[in-house]
Amino acid sequence: MRAVVRSHLLLLAFLSFFPSSKSVDGDEYSETQNPAVLPKVTGLIHQRISNLTTFLIKDIGNDLSFCIRNADEDLNGAFNFSKNMDFITNCIKKTKGDVTQRLCTAAEIKFYFYSLFSKGSKTGYVKVNKNCNLKSWVDGCEPGWGCFVDPNQDFELKDEKHMPSRTTDCQPCCEGFFCPRGLACMIPCPLGSYCPLASLNKSTGVCDPYNYQIPPGKPNHSCGTADIWADVGSSTSMFCSPGSYCPNTLNKISCSQGHYCRKGSTTQISCFELTSCNPNTSNQNIHGYGVMLFVGLCLLLLIIYNFSDQVISTKERRKAKSREAAAKHVRETAQARQRWKAAKDVAKKGGSQLSKTFSRTRSQRRPEQTKTSGASKSTEPELPEQVPRDSKDKKKEPGDLTKMTHSLEHDDSKSNEGIDVHIGGENVKKQAPKGKHLHTQSQIFKYAYGQIEKEKAQQNQAQNLTFSGIISMATNSNIRTRPMIEIHFKDLTLTLKKNNKHLLRCVTGKLSPGRVSAVMGPSGAGKTTFLSALTGKTAAGCAVTGQILVNGKNEPIQAYRKIIGYVPQDDIVHGNLTVEENLRFSARCRLSADLPKPDKVLIIERVIESLGLQPVRDSLVGTVEKRGISGGQRKRVNVGLEMVMEPSLLILDEPTTGLDSSSSQLLLRALRREALEGVNICMVLHQPSYALFKMFDDLILLAKGGLIAYLGPVKKLEEYFSSIGIDIPDRVNPPDHLIDILEGIDKPASITREQLPVRWMLYNGYPIPVDMLDLTEGLATPYGSNSNTSDGASSEQSFSSDMPDDSKSSVLKSKDLSNRKTPGIFRQYRYFLGRVLKQRLREGQMQAVDLMILILAGASLGTLAKVTDETLDNAGYTYSVIAVSLLSMIAALRTYSLDKLEYKRETEAGISSLAHFLSKDTIDNFNVIIKPVAYLSMFYFFNNPRSSFEDNYVILACLVYCVTGMAYVLAIAFTPSLAQLWAALVPVVLTLVANQGKDSMVQRYFGKFCYTKWALEAFVISNAERYSGVWLLTRCKSLESGGYDLHDYSLCLIVLVVNGIIARIVAFIILITR
């Protein structure tokens, strides 16, 4: 009801601008009938109207604020007749000056609009009132007619309570005014309307163009003017027709060539260039612009589709050329120096041989010279005196070969990219390259490859070293050591909470730095579970008991995660990055922040070289859809991701699965080199070859139920099992034979497979669980047992002998104890930005397809959903909200649906989750910018709404930002299939809720929580602001029916953005808690 009153007050204000009853100005003209007085009377009436505007704007602004933003502007747009007041002058002539006697008062206007907008009333009919009812129905009650106020009756136009009596001098209303049926007074028509005097159509009996009939039986009753002003659906005949414009309410002019006139226009609008606008055109045809944009965007998308990867490839090719040039330079330098050393050695050997020959010849000639000394002195020249002189001259002036020798040796001591084949020399420190002083890419690669060549030369020379040379190499400062991590575990047990089943039981031992340990056993023995328990990666439904000590202290293993590498069983690698890009990103984010860039490059190049990945370093790893490197190479990349961060503890879960024998040995040799730097390495294997098995230092053999069957050095394995009656047959791989026994395939005579864990407990003096005591029957403590009373056991035989007893230093909080300061969030954010940008560029084809679908959707909806002024194009915007939300949300799901495993691995390694999330959101903001352009480029030019392109773009940008955040939540919280289902369902359902209307219970309770309601309201408001003048009631009714407020445009945009921010916060919380 309040909204109805508001609508009444609108025209109440407009029409109460006219002067009060019995105006002196009108009487002056009615008495004199002097035409010269007309302009003065007209001006005075209009001035009084203007003076009353300020008085009533406050009430209008308060009651109609939901559909009027600026009362002055909107009132002037509807009732500013200062440019042409002919209709007032004509009415003064017709009424002989008594205009105010026929104008509706405030009470009559209020009553008219109450009848017009009240529920259940018939449009165009006014309820019964004082002047028009069943007992009294004068001619002025008919549509288009009005009556004078009864004589001698005082009244005020501003009177809102009392309606005056109108029964005298009834006649047709003046042109430019409308007279409602059932209300015997007239109201001025707003600008944008056409209110001429109607003419009777004798064939139909209708007064054209207003479609009302004259009363029957009254031959003297003629057609009047317009009979109703309401929304466009109810009073369309009053609106200036499309293709014409009405500068005032009495004149209608057809649009000229090159212009178009919408319905209710007061002026004609010039058409755009290159558009076709014929005379009497209601809207310009800008489909040509849409077609041109469509073709241009299609060409652009085709270019992106076909050449999206070329941007990165060009840069990578330049980098590869620089790297290859540096490697070639280093190799040539190394080969030159090796050749020079070989030549120098040959020269030394030749010189010593010549010296010995010369000395023997000289000794033989000495006796002969003694015998013939007198004769020789007289007959021979003094050659011996000249020889020393010549030799002195040679020493003073070295030859060219000597100069080159000194030059090379001198240069070798200062070179940063060369090699020094002298093992254990003191000049290693002198020749150590200063990587932090290298800046160019070429210098960095030369430095890295020079160091790698130096290490290769040292390894080659190590094969022929003496004992002192080996000691010298072992103490070489060029081999860097890392922080040591020694893991002790005692009675480590892991149990399922729901059924108390043991997955791991009574595991005791240690993992030592600098050693490579293998974990083997039959399927289901708990090998992966053992590694997970050590690294704190156990599942939620498991209970872990026992004790794990790190470097002899009771500290959580997670406190050292920055220097712990964990290689999962599955190859979790980014498929849309190259091998080098995967390794470089891991090194950047996980190595020390203060490590110079050349040293980081050296580490990456060393890992690539040691893993044999040099041929495929610039190849994409590949995905399911796009083929990349081979499975074995992918496995090595999986291992390399952990090697490049230089861990102190490296855990590998089946790294050789899927690799052939040579690849497995290549991998293990690389791991053994890591062990030389003090890395503690432990890995799970399945039946390795004998050659591979001998490369391990220690073996952890697990039996069924997660029990230890053996834990010790590989070289003591056969000795231990021989002592308990199990001999390894000749030409049989020991781990194969032992696993067959643990599986029950081979059954030794002296012991059962269930007794092997018990035998190991007895051998080391460990306590035996009560439920396993029956397995001890018939088992004797073997010779060499490390029981509690035995003090002669080898330390290598039992890892538990070094178990520290002091575990008082309990760490309650998992603080960082790794002493490695990795890059901060902002630096990692920069690294993530570069990585995500490369991934997006390589996914350019998919991005192009997304934009192409949006373009087609915009063209389709722009063509099918034509602009309808009756609803302010509500339907077209509804379809736009659904289409843009649906397509943008489904496309945004890929941001997190495809790399959940990669994110989990990186997060567990200590890489920042916030940097990961912010970088993806930053890159996705490109879609927030470009997708509205793609959609509007078609929809706007095919639909051509009244709102501007800029307003539509801003709304769609906020909408895309909002739904992108919602897509993050769905992608992180659900599996890909469920997320896609929700993404398709949510926009449709929420849009239906938003269109229920303000009186709907669903809208009342849930509408404000629907982002579609705010997006649709913003579209309607931006379009409604373009409707003024005669459209004012249509605007108010449309906004009132939807419950919209013209002042809420900014609020709608803010709500959409805030919803997007809240959705992103929720998505991030889910991301870090799952």
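This is a guided tour of the structure, stop by stop, with what to select at each one.

**Before you start**

The model is predicted, so local features need pLDDT of at least 70 and side-chain atom pairs count only at pLDDT 80 or more, while totals for chains, interfaces and linings use all residues. Residues are numbered from 1 along each chain as its sequence is written, and side-chain values use heavy atoms, with hydrogens and water left out.

**Stop 1: the largest nonpolar core**

Select F178, M186, Y935, Y1011 and L1039. These residues touch the most other members of the largest nonpolar core, which has 115 residues. A nonpolar core here is a set of buried Ala, Val, Leu, Ile, Met, Phe, Trp, Tyr and Cys residues joined through side-chain atoms within 4.5 Å. Buried means under 20% relative accessible area, exposed means over 50%, and partly exposed lies in between (1.4 Å probe, protein chains only).

Now colour helix α30, residues 949–973. This helix gives the core its largest share, 15 residues. Helices (H or I, at least four residues) and strands (E, at least two) are DSSP runs, numbered from the N terminus.

Zoom in on Y935. What is Y935 in contact with, leaving aside its neighbours within four places in sequence? The list is L854, A857, G858, L861, S880, V884 and L956. Contact means heavy atoms within 4.5 Å.

Then jump to V516, I603, V621 and L707. They are among the members of a second, separate core of 99 residues.

**Stop 2**

Show the side chains where they meet. From α30, pick D951, N952, I955, L956, L959, C962, V963 and M966. Facing them in α33 are Y1011, A1015, A1018, F1019 and S1022. Also click C1010, which counts as buried at 4% relative accessibility.

**Stop 3: K920**

Select K920 in helix α29, residues 913–943. Is K920 buried or exposed? K920 is buried, with a relative accessible area of 2%. Beyond neighbours within four places in sequence, K920 is in contact with V836, T895, Y896, D899 and Y968.

**Stop 4: helix α18**

Select residues 631–643. This is α18, with 13 residues. From first C-alpha to last, α18 reaches 19 Å, close to the 18 Å expected at 1.5 Å a residue. The expected span is 1.5 Å times one less than the number of residues.

α18 is mostly covered, with 12 of its 13 residues buried. The buried ones include R634, K635, R636 and E642. What do the buried residues of α18 pack against? Two strands, β16 (564–567) and β17 (649–653), are among the partners. So are the helices α16 (579–590), α17 (597–610), α19 (661–676) and α28 (900–908).

**Stop 5: disulfides**

Show the cysteines. A search of the whole structure finds 10 disulfides. Each is a pair of cysteine sulfur atoms within 2.5 Å.

- C132 and C141: the sulfur atoms are 1.8 Å apart. The link is left-handed, with -90 degrees about the S-S bond. Both cysteines are buried.
- C207 and C223: S to S is 1.9 Å. The torsion is about -80 degrees, so this disulfide is left-handed. The pair links distant parts of the chain, 16 residues apart: C207 is in strand β6 (206–208), and C223 is in the loop between β7 (212–213) and β8 (244–248). Both are buried.
- C271 and C277: the sulfur atoms are 1.8 Å apart. The torsion is about -110 degrees, so this disulfide is left-handed. Both are buried.

**Stop 6: backbone details**

Go to D208 and P209. A cis peptide bond joins them, with omega about 5 degrees. P209 is in the loop between β6 and β7.

Next, select N500, in the loop between β12 (487–496) and β13 (502–511). N500 is not a glycine, yet has a positive phi of about 55 degrees. At 58% relative accessibility, N500 counts as exposed.

Finish at N551, in the loop between β15 (542–550) and β16. N551 has a positive phi of about 55 degrees although it is not a glycine. At 34% relative accessibility, N551 counts as partly exposed.
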